[in-house]
Structures are given as C-alpha cells and as structure tokens.
Amino acid sequence: MEYNYSIIRFLLYRSDNDRKKLLEATRQIIVDGIGSCHLDKITEKSFLDREDDYYTRICYYVENDPIKAEYLFMALIEWYESWKDEFLEFTGNEERLYAAQRLKTWAYCMINGLPETYAKLSKEVSVNLTQVELRDLHLIDAIRNKIYENRHFIDKPQIDAESIAKMEEEALKAIRQSIQEEDDQRVKDVLKQRRLIFFTNEKWKYDSLQEIQFKYDLEGISQESALDIPKCRKQCDYIIFVTSQAKHDVYKALVAMYGKSKIFLVKAQNPELAMNDFIEQLLGYRRD
C-alpha cells in the first residue's frame, strides 16, 4: 500500500499532542522490534545502553532536530503494517479498541486520515496509563524543557562538534536524573506514613523490611504467612500478596477481610522486587 507522507506529516505535526504521541509510540515500536533500521538512522543502539538510554536518545535527537522525525514516520508505517489487520473492523469498535490499545488507535487514525475520530475518543473514553507510559510523558516533557533551555544560551553554529556532543551527553544525563528524582518523589508522596503487610510463603529478614520502611517513610511494615488463613484483621493501608506457592484460601480470606482494592498480587519473592511490582501497580495513572 502506498502512503502519502506529506499528509501523514501534516496530521502528526498539526498539534503538540500528536508530536508527543509519535514519540510515545516509538517506545512500542522499539519493544516490538519493528522499523529498527529507520530508528538506527536517528541514533544507533549500543550494547552499552542501559534501560531507556536508546529511547531517550531517540526522543532527544528528534526533538532537537525535527528533520529526524522523517525516520520515525517510516518506522511508524512499518509498525502499522505489522498489526493493521487487528483494526479491520474499526468502525463500530472504536471505543473498545481505544480503551485496549490507545497508541495503536492513534496511529490507525492518523494514517487513515481520521484525526477527528481520535480526538473524540480521547475526550470521551478514559484509559489507565501504565507506569511506563506515564514515565514516557514526563521524559518527553523533560527533554523538551532541556532543549529549550540549551537553545537560550548556546549558539550551535559557533561551537565545535566535540562541544555539541559533550553538551548532549550532559543534557541526557540531566534528563535521566530529573526523571528518576521525579519518580522517587512521587512514590514517597504516595507511600508516606502508610502501613503495609506482606503475605509471603517464606520469612524475610527483618533488616530488609526495615530498609523498605525507611526508604519510603512508611508508618509500619510487617509480614504474615501466605500459607495460613489470618485469624484477625489488622490495620493497614495496603496488602502485598506474593502469589508463588501461596494458598488461594488465604487470598480469599484477605479479600473478605479487606476488600480487593487494598490487595496487590505480585510474583517476586525478593522484598525489594516485590515492592517495585507493588509500586508499579499502585501508581497506575488515569489520564484521558
């Protein structure tokens, strides 16, 4: 199928929100491994990259030099071709598809000339963003702010390539640090002076639990068996239930005592990893 790139560019650049969604969609394009040859023309992926380094660089270079967005358009089309059959029955199923696959629905609407349809859906249907999606939005905003800041005090034509590279390296480092600090503070604000109970199938070290309590400024933290039905209800804000080898009857008893809203199911048997899993679920974010 032939695509009119000029129309796609117009649709993508008609609003700030669409430019951000193009960068958001790039995350899934990377995860799915689609269109990597186009993304590598923006910045090559290195075996030394950790976590979001590659994605952060792509966002930074595209925001800093909008011409590079051309490669994102190409990757977007290749990605779209890999799943477009999922949207064969789009008409009549718009709300369901949007709620389940927000970014794919956005891409479908942009590529097929339906920006008004997406705008209507985004106003009428609420979706829960994952922690990764929320983090990406903060990352994109941080990148834009940093680039805007740099452009106010650096005249690029007057500096050499080495200085530019150093400036970019420092900017990327500052962006990652800013995002991490923002994430850490948001977690602390949510958990401050809360009481947690872990239900596990093995006894964790007291020191490990104390470290978690201190790190998140919790009022209290305790541990109970996930193999024995609790005899009474204890005061707590959240229950973290480690499902590995746990008894279903214990879970049912906890639901009866506390209700499902307080209980979070995790798989990790390490206290810190279990805490990370719980936090990711807890900070699920609602945004239109």
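Rings of Phe, Tyr and Trp (for Trp, its six-membered ring) count as a pair if their centres lie within 6.5 Å, and the planes of a pair are called stacked when under 30 degrees apart, edge-to-face when over 60 and tilted for the rest. By this definition, the structure holds 14 aromatic pairs. The model is predicted, so that local features need pLDDT of at least 70 and side-chain atom pairs count only at pLDDT 80 or more, while totals for chains, interfaces and linings use all residues. Residues are numbered from 1 along each chain as its sequence is written, and side-chain values use heavy atoms, with hydrogens and water left out.

**View 1. The protein chain has 13 helices and 6 strands.** Helices (H or I, at least four residues) and strands (E, at least two) are DSSP runs, numbered from the N terminus. Of the 288 residues in the protein chain, 43% are buried, where buried means under 20% relative accessible area, with a 1.4 Å probe and protein chains only.

**View 2. The largest nonpolar core has 46 residues.** Such a core is a set of buried Ala, Val, Leu, Ile, Met, Phe, Trp, Tyr and Cys residues joined through side-chain atoms within 4.5 Å. Leu39, Tyr60, Leu72, Leu76, Trp79 and Trp106 touch the most other members. Among the helices that each supply at least two residues of this core are H2 (16–32), H4 (53–64), H5 (69–83) and H10 (161–191), and H5 gives the most, with 9 residues. A second, separate core of 22 residues includes Trp204, Ile240, Ala268 and Ile279.

**View 3. Trp79, Tyr80, Trp83, Phe87, Phe90 and Tyr108 form one aromatic cluster.** Within helix H5, Trp79 and Trp83 are 4 residues apart and therefore separated by about one helical turn. Trp79 is buried, with a relative accessible area of 1%, and Trp83 is also buried, with a value of 3%. The rings of Phe87 and Phe90 have their centres 6.1 Å apart and their planes at 25 degrees, so this pair is stacked; Phe87 and Phe90 are both buried. As for the aromatic pairs, of which the structure holds 14, Trp79 and Trp83 form one that is edge-to-face, at 5.3 Å centre to centre and with 70 degrees between the planes.

**View 4. Arg27 lies over the face of Tyr55.** The distance from the ring centre is 4.5 Å, and a charge sits over a ring if NZ of Lys or CZ of Arg is within 6 Å of the ring centre and within 35 degrees of the ring normal.

Conventions. Buried < 20%, exposed > 50% of the residue type's maximum accessible area, 1.4 Å probe, protein only.
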